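Keep the sequence and the 3D view open as you read.

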Amino acid sequence: MKRRTVVKGLIGLLAAPRIAFAQQKELVVAAFGGAYTDTVRKTIGAFESANGVKVSFVPASGADGLAKAMAKQVDVMHGDLAWAFRGVAQDAFEKLDPAIVTNLSALHPKARFSEYGVVTNFGEYGIAYDPSQVKGEPTSWLDLWKPEYKGAVSTTGYDAANIELIVLMAKLNGGNEDNIDPGFRKMAELGKQISVFYSQHPQLLDLFRTKEIVMARWLRGRVDWANKQGVALKFVAPKEGAIALVSTVHVVKGRPQTELAQKFVNHLLSADSQKLYAADLGYTPSRRGLDLAGIDVPYSDAMIDSLLMSDWAKIVPKMDAWKERWEKEVVAR
Amino acid sequence: MQQIRIAGVSKRFDDYLALDRVTLDVEGGEFLSILGPSGCGKSTLLRIIAGLEMPSDGDVHIAGKRVTGDPVWKREIGFVFQNFALWPHLSVFRNVSMGLELRKVSKAEIDTRVREALRLVQLDALANRLPAQLSGGQQQRVALARAVVLKPKVLLLDEPLSALDKNLRQDMQVELKSLQRTLGLTSIFVTHDQEEALSLSDRVVVMNKGVIEQVGTPQEIYSTPRTEYVAGFVGEACFFHGIVEGGNVLRLADGAAVPLAAPAPTGARIAAFVRPEWIKLETPSNGGAPAGVFERLIYFGQSSDYLVRLGDRQIRVKHRDGDRVFANGEAVALNCKAWPLAAGAQAL
Amino acid sequence: MGGALDDARAPRPRDGRVILMRPSPAFIALRYATLALFFLFLLAPLGVLVAVSFNPTAMIFPPQGFTLKWYAVILDKPDFLHAAWASTKLAALTAVLGTACGVFAALGLKNYGGPLKGAISGLLMSPLFIPAVIVALALFQIIFTLGIQANVWVLLAAHIVVTLPYPVRNVMAQLDGFDQRLEEAALTVGATPRQALLRVTLPLLRASIVPSLVIVFILSWNNYTVSVFLADKNWTTLPLQLRAYLQYEYEPFVAAMSTVLIVASTVLLFVMDRLVGLGPKRK
Amino acid sequence: MIGRSKTLLLVPSVSILAAFFVVPLIWVVGLSFMSSDGTGKLVTDFTLGNYTRFLTDAYYLDALLWRTVRLAAIATLFSVVIGYFGALAIVRSAPSWQPWLILLVMLPLWVNLVVRTLSLMVVLGRTGPVNQFLVWTGIADRPIPLLFNETAVLIGMVQVAVPFVVMSIYGVLQSIPRQLEHAAMTVGATPLSAFRRVTLPLSMPGILAGSVLAFGINVESFVVPILLGGGRVRFMSVAAYETATVSNNLPFAATIGVILLVVTMAMLALYQWAVRSMTRARPVLATAG
């Protein structure tokens, strides 16, 4: 008798939340988590009541995000260009329906990179530097290569922005996405400059704080954050162009409520939501014509036009091979 | 009435035969010892009676009921283990009461019966101690109380005293016997100590290599054993091998003659033995008694033994009051009557 | 080394004699120095965390002021509270069921010998030696192929699998020295094997079961690599939530939360010790 | 006698393991013989390509596999030594202290590993307490770089593994009667040699268990090499994870996992064989098992 009660209790413990949510229509969104999800959540109340739906968020992006999309466990998936093209290749997404996602027409053309997804906002990877340690303002990506900063510059490991940097270096040295050797040759030199490849923003912040690093490839928004955290840094967009950080959003194929998911994407592209990306996260909205008075975020067609954004459809199939080269030629000593 | 009946029980472990068609009856209220060296199968037999092992062949009956296939917990036995096997996490009281709790006996009755059992073994004052807080003898008594509190149909004891030192062991023998008498418990006691077996038992079973060599009263086992093995195991013995002459004399290979205490078929080649206390040492005469050389006297206090060299053997002879004192190296004759062992019985 | 007192309390050997030996002061000093150095090494990062949790500005050590505001912030993070609760439930279930499985397995293996025992115990230990993330990913794909939605049962099973080696090994180690006669003694007084297990064997195995429960709870509570693929939306565990958060932020809030965990776990273990006893007191 | 129910006891663990570990493992092995089309789609034709790619490339063999195994082994050695002395010091403390000291040992495990490792970075950082101490005492004239190298990874791994080692060894040490060591002293052994001749050999099973556990944990290290290695100290499980999640080449990620499993199992078998033959050579240890 007693034992049965315990077993029932255990089962109840697990089952409770499912029963509670089962009553209502529900939309599951895979998002980046942390502050990003918090920002999206701010305006979600209006969307929920307008459509009679409950939106819940799963912190997943990248491999786990796409895996969940392929398994039809989420309705909407956030990602970046690499995962976007992988998802397209694996037939994971619905085409966005311009009849429902009416806000598509209000976006900067660069945001509409594919019929199967859309860029919700742009960030800028540039050079963050400590003005007390760096003489004069860096102007070019190549400043990271300057011998006087050997050991005191940093970038991440193999990620989307560094892939853009490889492609940029290839292009500056006579190559392109298809002829990447010159890019790797140049990056190998950078590898010798670097003592630590950072993997998390808080980690880089600490490196700047302790002056172990004086210059790094970082996000504009992050530099503002660092300043708030009491580490005085400056940001510069190099003359070759800042590297685009894009957040993409996709409607997952084969879920019961794709129309609702399309509406949700439309909601993310609405003026209110778009404005919050700028206000809370420091990202440039992909929607044109917003009034961003009082928000310190670069916002112009020219700025978005200048962002470096390679042809990811070409890059994605090469990412595995490039990763191996990165580890061998740039990281390994 | 037979309280326990063991009929043709065999036990095979892989390719090793531990028990070979053992048959044995135990009377109600009897104290029976199973005596033998380690590995003779005595513990296996006890465990089969208890139900801790299943026989490969044969039947076990307890109190007139066939229990061969019954598991141990249905057999209503009491078992005392060699190292007591007290549960270290339970108090003395709980160790004793567990069997009653399992039988769903009322709380009040448990209390009465456990107290009574503990009083029997004089441990009522220590009921709340943990086993680790008790001495060896006290632990032994808890193990006994745990076994008898259930009023078992049979009490099985697996070398229960061997973990105790000599003095304590002798005290416990007395206590164990009186407890068994008081309760009238049919008991089977497994031991490798022949003194213990002889002093405690109504009957003794001597086992060797999985078979019963002999069953009998302690006197029978000691004085009139049937085989050389039994004779040698239950006490000091000096063996003579030879041919029977005239029905009551054993002629040895060296020509000496030993009178036999019981008649044997003339012309048979047999073995006979004597116990140290059966021999009287004398000055050699022409009587033909086996002759040896006096080596020395071993003094024990209350008694003493002679050591005599007989050919290449050294034998003991009990010194008796009034015996003549021999000098070391003096020639002596062994005056004794030897007990003839069964003609077919093999030498060791 | 040990004090005379230790020995007086130690179980007396059968022969009843206790050899008393006074350690030299040098050895006592050495022991305390070892303890101090050992814990300094082990707990330094926690010390930093606790200190930083009171720092008003950022994750800076040494702290530049004192505030309790980060502790208040915890209550403003429903996601974290929800995740902590999910993790607690999951870890508790994993601990109970996983330890039960491990105890059963160890008991079951006790009677086996030779190559079969080796093979099965090898199997039970093997989750320790392959990156859990690979197994979790494969499991995810299999479930996906079978058309099963990720659910908490799969998550639970996966957590049990990756933590199973710990209870199996702990309990098997204790069973190695276990006196079989204690169990037989219970059978002779009329206990069925199940009753013997419940009344004798399991209480005696407490010394390895309780630590197993704690370890499995901790491992499940901290698991990231398995949960990342198998957790569904209702079961976003604390490590997942934290990882997502740490990608972007690192405020003393995290230190405050860790401090709360440290204190809470200590209190929990203290209460458990009072209730069931964790220490080896009765050994 | 109760053999059937004993077998029944194995059913829950073995079936759960079969369904949720062995089957995925078979899947992983199968996966390692497939390939990826570059976008992550599986090509199911049988190929040995992943294994050739790994096993014929000095980078994968040296910078990845050998480094992982080497650092895991060194970290295990340190973990066992430090853990042993910790456990010994705890066992020799007053009995009433011991549960609390063990609780202290387990305390770090409650804190998320990422958070714990970030804190360790503060401790070892250029302005951290360790460097401050070194400069203050004059051992170093300026902060020395303790982070972002193999040493830092080793320190981190040891920190992670030590609590588990302590738990393994503590139980065994606790069951060794102090009288044995004292008996050795009565026949003239100094405390040190009594420890070496009695306690140490008797605690061998704990050391064995602890080292296997520590190696298992270290060889799978993930968070520690990422954070403390500064992105330069590559580890097998990190490579497997990134190959799956960044390159999206699941078959090759599976191959890395399989190779790690095989190498680890082989090393452990070798280790146990070595320990066993060593204990056979010294009869003292044979009784300890």
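The points below cover confidence, one sheet and one residue. This is a predicted model. Chain A has an average pLDDT of 89. In chain B, 5 strands make up an open sheet. In chain A, Ser56(A) counts as buried.

**Confidence in chain A**
- A pLDDT of at least 70 is reached by 93% of the residues in chain A.
- Residues 15-22 of chain A stay under 50 in pLDDT.
- For that stretch, residues 15-22, the model has 8 contacts beyond four places in sequence.

**The sheet in chain B**
- The strand order is E15-E19-E16-E17-E18, with antiparallel pairing.
- Strands E15 (280-282) and E18 (313-318) of chain B stand at the edges; each has a single partner strand, so one side of each lacks a neighbour in the sheet.
- From one strand to the next, the twist averages 45°.
- Strand E16 (residues 291-299) and strand E19 (residues 331-335) of chain B run antiparallel and are joined by 3 bridges.
- Gly292(B) has Val332(B), in E19(B), as its bridge partner.

**Ser56(A)**
- Ser56(A) sits in strand E2 of chain A, which spans residues 54-59.
- Its relative accessibility is 13%; the cut-off for buried is under 20%, so Ser56(A) counts as buried.

Note on methods:
Residues numbered from 1 in each chain as written. Chains lettered and ligands numbered in written order. Predicted model: local features only at pLDDT ≥ 70, side-chain atom pairs only at ≥ 80, totals over all residues. Heavy atoms only, no water. pLDDT = per-residue confidence, 0-100. Contact = heavy atoms within 4.5 Å. Pairing = 2+ DSSP bridges. Helix = DSSP H or I, 4+ residues; strand = E, 2+ residues; numbered from the N terminus. Axes fitted to C-alpha atoms, helices over the stretch in contact; angles between N-to-C directions. Buried < 20%, exposed > 50% of the residue type's maximum accessible area, 1.4 Å probe, protein only.
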